[in-house]
Amino acid sequence: MIRRVLISAFVAIAVLLGGGTAAQAGTGNCLLGYSCLWDLRNFDGDDYGTARSKTSVASWLHKKGESAAANGQACRDTRYYENWSIITGNPTGSYFTLNSKTKVGSNYRDPNLSNGAGFDGVGINWANRVGAVSHTSCY
């Protein structure tokens, strides 16, 4: 029992420190409360997930994402922006939006950002453009 508790605690700390993952490769599934990006199409390759309400994308995946998914717990939508302003601490520029898998249940993932993304980025190539993420319509 103590061993199981210690292993669970270790896994939780690893996820908090960035050693874990918030997404499952190949499925487009994000943990509840997360927004995710993958460096390859079809949710393959390395993934990045964040539960922060707004943040820049990790430097190793900054403007290198090829597929995305959203699963906001308290927020209906996730916006994937082109840029992050160091001065204001906010995302900037153009964006596309994905719904939350849990809150809405549809249009919550996109396996190929190069042929359009989300419900407001149709026809726009978003591959290798995402630099920031923001959860919106929170309640």
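These legends go with a set of close-up views of one predicted model.

Residue numbers start at 1 along each chain as its sequence is written, and side-chain values use heavy atoms, with hydrogens and water left out. Since the model is predicted, local features need pLDDT of at least 70 and side-chain atom pairs count only at pLDDT 80 or more, while totals for chains, interfaces and linings use all residues.

**View 1. The chain as a whole, one helix and twelve strands.**
Going along the sequence, the pattern is α-β-β-β-β-β-β-β-β-β-β-β-β. Helices (H or I, at least four residues) and strands (E, at least two) are DSSP runs, numbered from the N terminus. Of the 139 residues in the chain, 40% are buried; buried here means under 20% relative accessible area, exposed means over 50%, and partly exposed is in between (1.4 Å probe, protein chains only). Take the contacts between residues at least 6 apart in sequence, and 59% of them join residues at least 24 apart. A contact means heavy atoms within 4.5 Å.

**View 2. An open sheet of four strands, in the order β4-β3-β6-β9.**
Pairing in this sheet is antiparallel. The edges belong to β4 (47–50) and β9 (109–110), which have a single partner strand each, so one side of each is left without a neighbour in the sheet. Two strands count as paired if DSSP finds at least two bridges between them. As a quick reminder, strands of a sheet pair through backbone hydrogen bonds, either parallel or antiparallel.

**View 3. Strand β3 (residues 34–38) and its two partners.**
On one side, β3 meets β4 over four antiparallel bridges; S35 sits opposite T50, and L37 opposite Y48.

**View 4. T50, a buried residue in strand β4.**
T50 has a relative accessible area of 5%. Its side chain reaches the backbone nitrogen of R52 at 3.1 Å, a polar contact (a pair of N or O atoms within 3.5 Å; within protein, one must be able to donate a hydrogen and the other to accept it, and residues adjacent in sequence count only if both atoms are side-chain atoms). Leaving out residues up to four places away in sequence, T50 touches G33, Y34, S35, T55, V133 and H135.

**View 5. G72, in the loop between β6 and β7.**
Is G72 buried or exposed? At 2% relative accessibility, G72 counts as buried. Beyond residues up to four places away in sequence, G72 touches L32, G33, Y34, S100, T102 and K103. The C-alpha atoms of G72 and L98 are 9.9 Å apart, and these two residues are 26 apart along the chain.

**View 6. The largest nonpolar core, with 15 residues.**
A nonpolar core is a set of buried Ala, Val, Leu, Ile, Met, Phe, Trp, Tyr and Cys residues joined through side-chain atoms within 4.5 Å. The residues with the most contacts inside this one are L37, V57, A68, Y80, F96, L113 and V130. Strands β6 (67–71) and β8 (90–99) each supply at least two of its residues. Apart from this core lies another, of six residues, including C36, W38, F43 and A69.

**View 7. Y80, F96 and W126, a cluster linked by ring pairs.**
The whole structure holds four aromatic pairs. Rings of Phe, Tyr and Trp (its six-membered ring) pair if their centres lie within 6.5 Å; planes under 30 degrees apart count as stacked, over 60 as edge-to-face and the rest as tilted. Y80 and F96 are stacked, at 4.9 Å centre to centre with 10 degrees between the planes. Y80 belongs to strand β7 (residues 75–85) and F96 to strand β8, so the pair ties together parts that are 16 residues apart in sequence. Y80 and F96 are both buried. R129 lies over the face of W126, at 4.2 Å from the ring centre; a charge sits over a ring if NZ of Lys or CZ of Arg is within 6 Å of the ring centre and within 35 degrees of the ring normal.
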